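Me: I have a protein model open and want to go through it with you. Can we start with the terms and then look at the details?

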Amino acid sequence: MTAAMSPADFEHALRAKGAYYHIHHPFHVAMYAGQASSEQIQGWVANRFYYQLNIPLKDAAILANCPDRDVRREWLQRILDHDGAPGEAGGIEAWLQLGEAVGLDREQLLSQELVLPGVRFAVDAYVNFARRACWQEAASSSLTELFAPQIHQSRLDSWPQHYPWIDPAGYHYFRSRLSQARRDVEHGLRITLAYYQTWEAQQRMLEILQFKLDVLWSMLDAMSMAYQLDRAPYHSVTTERVWHRGLGL
């Protein structure tokens, strides 16, 4: 039987997964380099909004499966961060403001008419995993947040320089997540390092983290097809957006 990694080595292995974070996807690289068109940025914002909408659903699933009162109290903050609280608009509203800043209509975002099937399937797979998995595994799947502050800072550093047409008021979401993601990482790491105590369990956790990385990368693959290669779904038979919009399917 292979000995378990020490907590320090296990954390190092988790952080090494950052090599596969979607910050390295060509779609993101082009955005940071100032090579994205307004349509590509709008497409990314509209599709990523579906992910933002589902984050509280994922977190609510974790809470529903978690019998630990202290964990629930701390994890609940994630839902409030996105859904908002009395006197606080929350991350979903901030993302709607980002959509308006890049020239999208709020109602269009909420209708989800621009959400590509590949993006929807990837996000839904993540939420369904959170519903089915034990709460510790679902919670630790969120540890792509280890790499999130870097990606938010990259947007704040590059977008105002390359895309002056974007209203700066739309950047509030990225700024707020710099501190929120770091806080969430600390909590997620505590749960993960305490729960995965054997080599086999640690290897499973690395697979879970890779699954979440797959979700994020696959979302950008779908966007690349639609907005960079001009191969949106059904492009060979129609220019209409005929794909389904969820409807609880």
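Reply: Terms first: buried means under 20% relative accessible area, exposed means over 50%, and partly exposed is in between, with a 1.4 Å probe and protein chains only. This is a predicted model, where local features need pLDDT of at least 70, side-chain atom pairs count only at pLDDT 80 or more, and totals for chains, interfaces and linings use all residues. Residues are numbered from 1 along each chain as its sequence is written, and side-chain values use heavy atoms, with hydrogens and water left out.

Me: Is Pro168 buried or exposed?
Reply: Pro168 is exposed, because its relative accessibility is 51%. Pro168 sits in the loop between helix 9 (148-162) and helix 10 (172-195). Helices here are DSSP runs of H or I with at least four residues, strands are runs of E with at least two, and both are numbered from the N terminus.

Me: Zoom out. How many helices and strands are there in the protein?
Reply: Eleven helices and zero strands.

Me: And the overall dimensions?
Reply: The C-alpha trace spans about 55 × 45 × 40 Å along its principal axes. The radius of gyration is 18 Å, which agrees with the value near 18 Å for a compact globule of 249 residues. That radius is taken over C-alpha atoms, and the globule rule is 2.2 Å times the number of residues to the power 0.38.

Me: What share of the residues is buried?
Reply: 52% of the 249 residues.

Me: What about contact range?
Reply: Contact means heavy atoms within 4.5 Å. Of the contacts with a separation of 6 or more, 79% are between residues 24 or more positions apart.

Me: Surface and charge?
Reply: The accessible surface is about 11800 Å², and 52% of that belongs to carbon and sulfur atoms. Areas come from the Shrake-Rupley method with a 1.4 Å probe; for residues, only the protein chains shown count as cover. There are 23 positive and 28 negative side chains, and the centres of the two sets lie 3 Å apart. Lys and Arg count as positive, Asp and Glu as negative, while His and the chain ends are not counted. Each charge is placed at NZ of Lys, CZ of Arg, CG of Asp or CD of Glu.

Me: Why is helix 5 largely enclosed?
Reply: Eight of the eleven residues of helix 5 (residues 91-101) are buried, so the rest of the structure largely encloses it. Trp95, Leu96 and Leu98 are among the buried ones.

Me: Which helices do the buried residues of helix 5 pack against?
Reply: Helix 3, helix 4 (69-83), helix 6 (106-111), helix 9 and helix 10.

Me: What follows helix 5?
Reply: Gly103, with a positive phi near 100 degrees.

Me: Which non-glycine residues have positive phi?
Reply: Gln112 is one of them, with phi near 65 degrees. Gln112 lies in the loop between helix 6 and helix 7 (117-132) and is buried, because its relative accessibility is 17%. Asp230 is another, at about 55 degrees. Asp230 is in the segment after helix 11 (199-228) and counts as exposed at 58%.

Me: Now polar contacts. What does the side chain of His152 pair with?
Reply: The side chain of Arg155, at 3.2 Å. A polar contact is a pair of N or O atoms within 3.5 Å; within protein, one must be able to donate a hydrogen and the other to accept it, and residues adjacent in sequence count only if both atoms are side-chain atoms. His152 is in helix 9 and is buried at 5% relative accessibility. Beyond four places in sequence, His152 contacts Tyr173, Phe174, Arg177 and Leu178.

Me: And Asn54?
Reply: Asn54 is in helix 3 (residues 38-65) and buried at 9%. A polar atom of the Asn54 side chain lies 2.8 Å from the backbone oxygen of Tyr50. Not counting residues up to four places away, Asn54 touches Val123 and Val127.

Me: Last one: where is Thr144 found?
Reply: In the loop between helix 8 (135-140) and helix 9. Thr144 is buried, with a relative accessible area of 4%. A 2.8 Å polar contact joins the side chains of Thr144 and Lys212. Leaving out residues up to four places away, Thr144 also touches Tyr21, Leu209, Leu213 and Leu216.
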